Amino acid sequence: MKVSILDDYFDTLRGLDCFDKLADHDVTVWNDHTDDIDELARRLHETDALVLIRERTQIRAALLERLPRLRLISQRSVYPHIDVDACTRLGIVVSSDLHQGAASYATAELTWGLVIAGMRRIPQQVASMKEGRWQDGVGRSLLFKTLGLYGYGRIGKVVAGYAEAFGMNVTFWASEASRERARSEGATVAASREEFFEQCDVISLHLRFVDATRGLVTAADLARMKPSALLVNTSRAGLIEPGALVAALRAGRPGMAAVDVYESEPLVDTADPLLQLDNAICTPHIGYVTTDEWEIQFSDIFDQINSYAAGTPTNVVNPDVLSHRRGT
């Protein structure tokens, strides 16, 4: 099969051990990024299987309809960037391992790095020295503080373990079913949503981004946070009501945010309001971007290609396509 891989910015994939799984295929790797549909249609015109690196490129009907040979899109995690209905109509299989059984330790590690960076103002202190000044303000310790985790899933539980090692108190908030599961497993659950936002010193979001969670964190929620509190988001920007975070940071509740995800990515506009705020630490969606994590993720992605080539597609998110998929 002719396999195309988009958006491998640093040509990382060819150096992974799992890349050998594509040895029987004709592989093209694109290291730059383009949103131009004409250019993408040209690049992918002969492609049978398309590999995506998370949500770096939007795959919509206007592009899909210009790719007559495309039979498979293989990726990992959620897929809001893919027009799945158009894929089904056109006979294109979408395979995406949602890794239900394992946490992304890379994302959990970055979350914790952002917690420490935010509470101790590490980026601001580094910038101060590079500008020829000494200390820039006074940070806050983590010991005995309360970490609030919104979401009771795999990554949140890993982050909770890190917090306990730092002597923090950990409390959760989540859907009613997840709160009940947390209580049954001995975790501390906030008495109410209002109390969760009012009392936590650090709040970190660990939820799947689906229609039910879009805009789940509101401006009113953020306004309840302490002026000394930190909000961390390594999940998805869409979990927060549009525009609410910038407004809340300007108002001083919470006093700081550390985020890895944005409403529009890649975020390269230096005039973006979030990037202008001294009380916002921003990283370019690197939660999952480590070679160790990519070995795990792309091993699954390449396995999906080989399964399709063998006639047995796996992790199919649009099963209705199987009755009329291209090439059968």
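This is a predicted model: local features need pLDDT of at least 70, side-chain atom pairs count only at pLDDT 80 or more; totals for chains, interfaces and linings use all residues.

Colleague: Which side chain does E198 meet in a salt bridge?
Modeller: R224, at 3.9 Å from N to O. A salt bridge here is a side-chain nitrogen of Lys or Arg within 4 Å of a carboxyl oxygen of Asp or Glu. The pair links distant parts of the chain, with E198 in helix α8 (residues 193-199) and R224 in the loop between α9 (219-223) and β9 (230-233), 26 residues apart. R224 has 31% relative accessibility, so it is partly exposed too.

Colleague: How do you decide what's a helix or a strand?
Modeller: They're DSSP runs, numbered from the N terminus: H or I over at least four residues for helices, E over at least two for strands.

Colleague: How many salt bridges turn up in the whole structure?
Modeller: The search finds 25. One of them joins K2 and D26, at 2.9 Å from N to O. K2 sits in strand β1 (residues 2-5) and D26 in strand β2 (residues 26-29), 24 residues apart. D211 also pairs with R214, their closest N and O atoms being 3.9 Å apart. D211 is exposed at 67%, and R214 is exposed at 53%. Elsewhere, salt bridges with shared partners join R121, E131, R133, D136 and D278 into one network.

Colleague: New topic: how many aromatic pairs are there?
Modeller: Eleven. Take Y288 and W294, a stacked pair at 6.4 Å centre to centre with 20° between the planes. Rings of Phe, Tyr and Trp (its six-membered ring) pair if their centres lie within 6.5 Å; planes under 30 degrees apart are stacked, over 60 edge-to-face, the rest tilted. Then F298 and F302 make a tilted pair, 5.8 Å centre to centre and 45° between the planes.

Colleague: Where do F298 and F302 lie?
Modeller: Both are in helix α11 (residues 291-309), four residues apart, about one turn of the helix. F298 is buried, with a relative accessible area of 2%, and F302 is buried at 0%. F298 and F302 form one aromatic cluster with F19, Y288 and W294.

Colleague: What lies over the face of Y288?
Modeller: R54, at 4.4 Å from the ring centre. To count, NZ of Lys or CZ of Arg must be within 6 Å of the ring centre and within 35 degrees of the ring normal. R325 over the face of Y308 is another case, at 5.2 Å from the ring centre.

Colleague: And R56, where's that?
Modeller: R56 is in the loop between β3 (49-51) and α2 (61-64). Leaving aside residues up to four places away in sequence, R56 touches D7, Y9, H33, Y288, V289 and W294, where contact means heavy atoms within 4.5 Å. So Y288 and W294, the stacked pair, are among the contacts of R56.

Key. Residues are numbered from 1 along each chain as its sequence is written. Side-chain values use heavy atoms; hydrogens and water are left out. Buried means under 20% relative accessible area, exposed over 50%, partly exposed in between (1.4 Å probe, protein chains only).
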